[in-house]
Every structure is written in C-alpha cells, then in structure tokens.
Amino acid sequence: MMRTLWLAVGLFFLGIGLLGVALPVVPTTPFLLLAAGSFAKSSPRLHGWLLAHPLFGPPIRNWEDNGAISRPAKRLAVGTMAAVLVVSLWLGLGWKVLLPQAVLIAAGCAFVLTRPDGPSG
C-alpha cells in the first residue's frame, strides 16, 4: 500500500517537474528531487531512469550523493528569486504581500547558498 502511495506521489512530482521545463514560473529541480526520493521508496526502475537521464540525472545525483547544489544552479536560483522580488516591487504590491515574500525568498536563498557545491570534477 505504501509503495503505491509513494509511486503516485513520485508521478505527481515528476509531472509538476516536467511542467517546470516549459513554464518558467514553476521550478523543475526541486520537484524532480521529490520525485526521485519518492521513486527510491517505490520504483527502483523509475528512480534509476531519473538518475540516468542526461539532463535531470546530474543535479539529482549531486543532491543524493553530496547534499549539494552546483554553483550555476545556485546562481540561477538566487537570481530568479531576486527577479521575482524586483517584479513584485515594480508591480507595487502592498507590504502585506512583499514582507512575507521577502522573508521566504531570504530563507530560500540562505538554504541554497549554504549547501555545498559538490564535487569539482
């Protein structure tokens, strides 16, 4: 029963992650990491497929093996979060939206920036 639940959760996160490839507002990698973790508990075949994928596999393996985020991925993540905050300011959103957004973005940036970079080669 739990294996089926983990498989369903993994497929759900995989779907959202793949949507993120086409939609710039939806992040891809966090959802693929969640999918990989779910597949690790439910489907060794799907977990292996994600790890072997030429595009998605390296960041997932880097996270699973080292708890690491590459420097280019860090730059992209922090830059995107900063851009979202700048756009929100430009749109003139009220402080009731900006304050929680800024706090969550700061927490997200702190998390990303404090992860190791992973192996250098």
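This is a predicted model: local features need pLDDT of at least 70, side-chain atom pairs count only at pLDDT 80 or more; totals for chains, interfaces and linings use all residues.

Me: What makes helix 5 roughly antiparallel to helix 6?

Reply: The crossing angle is roughly 170 degrees. Angles over 145 degrees count as roughly antiparallel. Helix 5 is therefore roughly antiparallel to helix 6.

Me: Which residues of helix 5 and helix 6 meet?

Reply: From helix 5 come Lys-74, Ala-77, Val-78, Met-81, Val-84, Leu-85, Ser-88 and Leu-89. They meet Leu-98, Gln-101, Ala-102, Ile-105, Gly-108, Cys-109, Val-112 and Leu-113 in helix 6. By class, this contact of helix 5 with helix 6 has 12 nonpolar, 3 polar and 1 charged residues.

Me: Why are helix 1 and helix 2 called roughly antiparallel?

Reply: Take the angle again. The axes of helix 1 and helix 2 cross at roughly 160 degrees, and they come within 8 Å. The cut-off is over 145 degrees. Helix 1 and helix 2 are therefore roughly antiparallel to each other. Helix 1 passes helix 2 in a left-handed crossing.

Me: Which residues make the contact of helix 1 with helix 2?

Reply: Helix 1 brings Trp-6, Leu-7, Val-9, Gly-10, Leu-11, Phe-13, Leu-14, Ile-16 and Gly-17. Helix 2 brings Phe-31, Leu-32, Leu-34, Ala-35, Ser-38 and Phe-39. The residues of this contact divide into 12 nonpolar, 3 polar and no charged.

Me: How do you know that helix 3 is roughly perpendicular to helix 4?

Reply: Helix 3 covers residues 44–52, and the axes of helix 3 and helix 4 cross at roughly 110 degrees. Those axes come within 6 Å. Roughly perpendicular covers 65 to 115 degrees. The angle therefore makes helix 3 roughly perpendicular to helix 4.

Me: Which residues make that contact of helix 3 and helix 4?

Reply: His-47, Leu-50, Leu-51 and Ala-52 of helix 3 touch Gly-57, Ile-60, Arg-61 and Glu-64 of helix 4. The residues here divide into 4 nonpolar, 2 polar and 2 charged.

Me: How many helices and strands are in the chain?

Reply: There are 6 helices and 0 strands. From the N terminus on, the order is α-α-α-α-α-α. The C-alpha trace spans about 50 × 35 × 25 Å along its principal axes.

Me: What is the volume of the largest pocket, and how many residues line it?

Reply: The volume of the largest pocket is about 1000 Å³. The lining has 30 residues, of which Pro-27, Thr-28, Thr-29, Pro-30 and Ala-77 lie nearest the centre. Helix 1 (2–22), helix 2 (29–40), helix 4 (57–66), helix 5 (71–90) and helix 6 (95–114) each give two or more residues to the lining. The largest share, 6 residues, comes from helix 5.

Me: How do the lining residues divide by class?

Reply: The lining of the largest pocket has 24 nonpolar, 6 polar and no charged residues.

Note on methods: Residues are numbered from 1 along each chain as its sequence is written. Side-chain values use heavy atoms; hydrogens and water are left out. On a 1 Å grid over the protein atoms alone, a cavity is a set of points where a 1.4 Å probe fits but cannot get out, and a pocket is an open set with protein on both sides within 12 Å along at least five of seven lines; lining residues have an atom within 4 Å of a point. Grid points are joined across faces, edges and corners, and a volume is the space filled by probe spheres set on the points. Helices (H or I, at least four residues) and strands (E, at least two) are DSSP runs, numbered from the N terminus. Ala, Val, Leu, Ile, Met, Phe, Trp, Tyr, Cys and Pro count as nonpolar, Asp, Glu, Lys and Arg as charged, and the others, Gly among them, as polar. Axes are lines fitted to C-alpha atoms, for helices over the stretch in contact, and angles run from 0 to 180 degrees between N-to-C directions. Angles under 35 degrees count as roughly parallel, over 145 as roughly antiparallel, 65 to 115 as roughly perpendicular and the rest as oblique. A crossing is left-handed if the near helix is turned anticlockwise from the far one by less than a right angle, and right-handed if clockwise. Contact means heavy atoms within 4.5 Å.
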